[in-house]
Amino acid sequence: MIFHSTFEYSYLLLPLIGFTIGLLASMMGSGGGFFFLPVLILFFDAPAQVAVATSLAATLPICIVGSYGHYRKGHTDLGIGLVFIIAGILGAVAGARFTSIMTAGQLKNGFGIYSILISIPIFINSRKGRKAADGETKTPQRIGFKSISRGTFYGLLAGVITGTFGTSGVAPVLAGLFSLRMPIKLVVGTSILIVLVNTVSALSAHFFVGKIDLTLVYFLTSGAIVGAFAGPKILAGIKIGPAGNRIRIGYAVAMIVFGVIIILAK
């Protein structure tokens, strides 16, 4: 169901929030949906089902801009990405269905638990990142049994998470791509392409079984688009180096904090 909520003055903050999340997400290789959802629930009192669909819509422009930029730079493995995408489409549709039959409390607590659990592979990947290449290699991976089996598992999981919680589902995608020992830049570019297709699939499903507040979508995406364009340009001039692992750890800590807050929130 699509509807327009009544305008509130607090909505004037949404473009700024969208810009900030779009900027950071485009610099980190994710869609930003993880942060959109708790912001809408905690600070704007959006019902969980509405927040999920709105988060997906706000994530979409970030993914489109990021995918295009990384593709132009040759940081996308289309073969590996396709394996994740096919499984992700099925998972996203199933996840949207789960959202329609879950209560607001179940959805809220489920997202909180997911946020805490998914921080574990991010910590693990941050340790692997110390041994990873600098990411300049653009050679596509061979598509064999290992890549197909892992891509199907992680892609399906990412799709279910995207459809259920309205987040980018990027954590399972990154975990799967890192497990294939792909260079970091190739991981980021391929990941955001996978997240884009998962988001489109989940958002399409929510048009039929979910609740989409177009007023919130308009305000959020107006800022998110600008942030998504600015992020890659800023990142190009920054030398991250060893700080990349500290950034990942900080992101994981933020996920744990958000998860606890969501669970405890009434």
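**Close-up views of a predicted model**

The protein has an accessible surface of about 12400 Å², and 71% of that belongs to carbon and sulfur atoms; such areas come from the Shrake-Rupley method with a 1.4 Å probe, and for residues only the protein chains shown count as cover. Please keep in mind that this is a predicted model, in which local features need pLDDT of at least 70, side-chain atom pairs count only at pLDDT 80 or more, and totals for chains, interfaces and linings use all residues. Residues are numbered from 1 along each chain as its sequence is written, and side-chain values use heavy atoms, with hydrogens and water left out.

View 1. Starting at the N terminus, the order of elements is β-α-α-α-α-α-α-α-α-β-α-α. Helices (H or I, at least four residues) and strands (E, at least two) are DSSP runs, numbered from the N terminus. Of the 266 residues, 52% count as buried, where buried means under 20% relative accessible area, exposed over 50%, and partly exposed in between (1.4 Å probe, protein chains only). Among contacts with a separation of 6 or more, 87% come from residues 24 or more positions apart; contact means heavy atoms within 4.5 Å.

**View 2. Helices H2 and H3 cross here.** The axes of H2 (residues 33-44) and H3 (residues 48-72) come within 8 Å and cross at roughly 140°. These axes are lines fitted to C-alpha atoms, for helices over the stretch in contact, with angles running from 0 to 180 degrees between N-to-C directions. On the H2 side, the contact is made by Gly 33, Phe 36, Leu 37, Leu 40 and Ile 41. Residues of H3 in the contact include Ala 48, Val 52, Ser 55 and Ile 62.

**View 3. A nonpolar patch lies on the surface.** Its residues, among them Ile 113, Phe 123, Val 253 and Leu 264, have about 980 Å² of accessible area together. Helix H10 (243-264) and helix H5 (104-129) each give two or more residues to the patch, and H10 gives the most, with seven. Val 260 sits in H10 and is partly exposed, with a relative accessible area of 36%.

**View 4. Thr 215 is buried in helix H9.** The helix spans residues 214-236, and Thr 215 has a relative accessible area of 9%. Setting aside neighbours within four places in sequence, Thr 215 is in contact with Phe 3, His 4, Ser 5 and Tyr 11.

Methods:
Patch = residues over 30% accessible without salt bridge, like charges linked within 9 Å, V, L, I, M, F, W, Y side chains within 5 Å. Salt bridge = Lys/Arg side-chain N within 4 Å of Asp/Glu carboxyl O.
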